[in-house]
Every structure is written in structure tokens, then in C-alpha cells.
There are 2 protein chains.
Amino acid sequence: MNVILPQPLDSADAMEARLREIGATRYHSLHPFHHLLHSGQLTKGQVQAWALNRYYYQSSIPLKDAAVISRFRDKAVRLEWRHRLDDHDGGEGAEGGIDRWLKLTDGLGLDRDYVESTEGILPATRFAVDAYVTFVREKTPLEAVASSLTELFAPQIHEERISGMLANYDFIDDGIMAYFKRRLTQAPRDADFALHYVRENARTPEQRQAVCDALIFKTNVLWVQLDALHHAYVNGFIPPGAFRP
Amino acid sequence: MNVILPQPLDSADAMEARLREIGATRYHSLHPFHHLLHSGQLTKGQVQAWALNRYYYQSSIPLKDAAVISRFRDKAVRLEWRHRLDDHDGGEGAEGGIDRWLKLTDGLGLDRDYVESTEGILPATRFAVDAYVTFVREKTPLEAVASSLTELFAPQIHEERISGMLANYDFIDDGIMAYFKRRLTQAPRDADFALHYVRENARTPEQRQAVCDALIFKTNVLWVQLDALHHAYVNGFIPPGAFRP
């Protein structure tokens, strides 16, 4: 059953309230794996598994963003969205988010070739992330933009992660956490644009519902990744072929 | 790390040996959830969750099979594969596999509209099953056929399931298990064709490796579904929005 609020989605404000309710009830900040991660209750091997799997998500983000760009004949949207490619892929002499993620996996002692091969990730990670890229390719451009709205809720979890992980693990230092520090300024810009876009472009109750459903879909993409990590590396059910710390 | 045997894939026999090794080490008959299911250790609510989620897999099979058919200009392959649509979708006055699956969910006391809506399934189920349909659409026709080779290993698990579930649950009877009984005769025919096809059409070591990788992919599709059920309904981490028994 989806989140159902009594208000009809008859305005942008009603839709925004629903979106924030979805974040408050379904964003992966609520997942028990994150509580374990941030409070220092994981072993280094479990943190490695998290970073290894999330590399597949991080390295798929530019594919997703390029797919979004490819949906828009409106050049203004393409230009606005393009900076996300810069943010994640970097460029000539400019470090990007994927580079920063690899600093995290380097710092955790994972072999870079192994990380980049993605051969040790959980199949559930691959299915969830690929579902996100497919969603953005196949749904409406409005839904493609809306699926990025989880960024509305990201700064809080990033702050919690930076302070929690620095305080609680002796194998984590400032350099390793560079990815999250950078996202503290990048994510709000991205989220502001996407929220403004869906407020302006979802003009019927059905379109506003589709926007909310796209956000629920995306929270599921994130949640499934943590469920799979939790099952494999906290409960100990590591599937055949996956990374063993 | 994938399953690695010492023999090079320089013949159809070497490939078939590798395929059977993959089945012996990765098929979902090995998953602890199946052990619980077949030995009577699940509650009715947990069996409901299994049947509800697997409905999404069952009802996606004809999409997958139609996608396979759409890859072949060779009419003989299309004709051979077409009987799978008959098997699963049935026809005028002929019951199909999906109808039989709904008898199972009916028998377990699940509302048919709720089952068919798929709204209560685990997001991981949807991502895994959709990945299977996408695989068959996007990979080579050879890999599309190869991904169905899990049927080589299906009769044994179906026999185990029929006898185990009939013996161990008072809410299971013969009529409810009709789906699996029928598959005992259907699956071997399908598997024989697919195995013959890949033996004839994978002619290089690289193609034989692609066939083996397609089977590993498919075992992951099945395994992820049980991991998700286990995590949600055995370990008790039911994600937001999913069925609650």
C-alpha cells in the first residue's frame, strides 16, 4: 500500500507536502543499516561491502543523468542538468564524484580494479540500480526528473554520515569522506531545480500523482540496496559469487 | 567471483558441464528460504508472501517469452518458443500457468485483485523480474535463450515442493499445487530445446562463456527474490509499503 494522505493533489503545494511525507516515511535514512553504519557498529569488512556496492550506484548516476538529458528538447533543461555530469564524471584535471568515491574505497583498502569491475557486488544492487536507469529512459520526462527528488533529503543524511563515521571508525578520515562533503553543496542545487520543475510542470492531479510515485520508486531503489547489504553482511546470508570481507 | 572450472570452454560438452556446475552451486533450490518452505517451517502468512511475490515472476514470464520470440527471424525457433505462451497464458477454455498460480494464491486466502495489482510485492522482486525481461530484450538471442536454462534444474525442486508442501501444511491441497504438477512435464521439454539450441549455436569459447554468464544471471534473478523474501518475512525487515501478513 502506498502512502495515502487525505488531501487531493490539486495544487503544487499539496504535491510538495506529499513528497515531503514520502521522504519522511520512506527515505533510506530510516533504514537500520544506516543506523549501524553511522553509529560505528559495523566492522571494516561490512563498511567495505557498503562502499563496494554503492560504487555501482555512483558510477551509474551519469548514465542516468545523460538519459534524463536525452529526454529534453528544451535546451534550458539540458544545460541545467548537464552540470550533474560534470559533478559526477569530473573532467580535465577536475575531480568528480566517482573519483571521490574511489578515494573512499581506496581508503577502505579495496583494490581499485576489483571495485571498478563491479564483479563482487550483490545482484540486488545491480537490479535496483539498473531499474533506476531504465525508469529514466522509459517513463515520462516529468517522472524522470521527479525520480531525482530524493536529493531533497540527502544533505541531512550526509551530515549525519560525515560526523558519525569520522567519530566512530579509526579507518575513516577527512580525505576519505570527501565525496559526502562535496555533495552537501551540490545536492541542494540539484534538488531545488528538480522541485521547481515538477511544481511548474505537473499540472493535473494525475501528473502530480505520477511525480509522487516516481519518488516512491526511487526510495525503493535506495532501500532495496540497503536491505540486500543488511541481509548479506549483517544477517550473514552472502549470496553465491558476492564479495566476502 | 564467478564459478571457475579449470576446463576451457572449447566444446559443447565442456559448456554443458559448466552449466550443470552452475546449477549445482547457484540454483535457488539451495536457498535457505526454500528449505523452510518445503519442510513446513513457514507460517501461512509467510507462504502467502512467497506466493504473492512469485505471482509477479509468473505473470512476467509471457512478456519474457514474447521478447525472446521477437528476437528471432528464424520461424522454426519462433514456433518452438510459442508453446511457452500457450503454457503460461492458456487460451480459449484452456487454463494456463498464470491461472494455476492464481489458484494457489486463492487457496492461500489472498484477494485476487490484490495479487493481480502487484502493489504489495517487494520492490526487490520487481527489480529482479524486470531485469530478466530487459536482459532478454537487450542481450544477444543466444543469451536470451540461455537465460531460460534454469529449467534444466526445475523438475527436482518442483517434486520436492509438491511432496513437501502437501505433507507439511494443512492449508495446501492437490488443487492448489496444480501449477507445479503441470510444470513437471512442461519444463523438461523447454529445457531440452534450449540446451540443444545453445549447444548448436554457441560456437566459440566467448559465446560459450556468454551462455554460462546468462545462466548465472538468471540464477541471480531467482536467488535475489528469495533473499528479499527471507529478509522481509523470516528476519522481519518488511520494507515500507510491502504486504504484511
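In the predicted model, the axes of α7(A) and α11(B), the latter spanning residues 205–234 of chain B, come within 9 Å and cross at roughly 95°. Helix α7(A) is therefore roughly perpendicular to α11(B), as crossing angles of 65 to 115 degrees are assigned to that class. On the α7(A) side, the residues that take part in this crossing are Pro123(A), Ala124(A) and Phe127(A). They meet Asn220(B), Trp223(B), Val224(B) and Asp227(B), which lie in α11(B). By residue class, the contact of α7(A) with α11(B) divides into five nonpolar residues, one polar residue and one charged residue.

The arrangement of the two chains was examined by superposition. Chain A is superposed on chain B by a rotation of 180° with 0.0 Å of shift along the rotation axis, at an RMSD of 0.0 Å. The two copies are thus related as by a two-fold rotation axis. Of the interface residues of chain A, 100% are also interface residues in chain B, so the copies meet through the same surface.

Conventions:
Residues numbered from 1 in each chain as written. Chains lettered and ligands numbered in written order. Predicted model: local features only at pLDDT ≥ 70, side-chain atom pairs only at ≥ 80, totals over all residues. Least-squares fit on C-alpha atoms with pLDDT ≥ 70 in both. Contact = placed C-beta atoms within 7 Å. Axes fitted to C-alpha atoms, helices over the stretch in contact; angles between N-to-C directions. Helix = DSSP H or I, 4+ residues; strand = E, 2+ residues; numbered from the N terminus. Parallel < 35°, antiparallel > 145°, perpendicular 65-115°, else oblique. Nonpolar A, V, L, I, M, F, W, Y, C, P; charged D, E, K, R; others polar.
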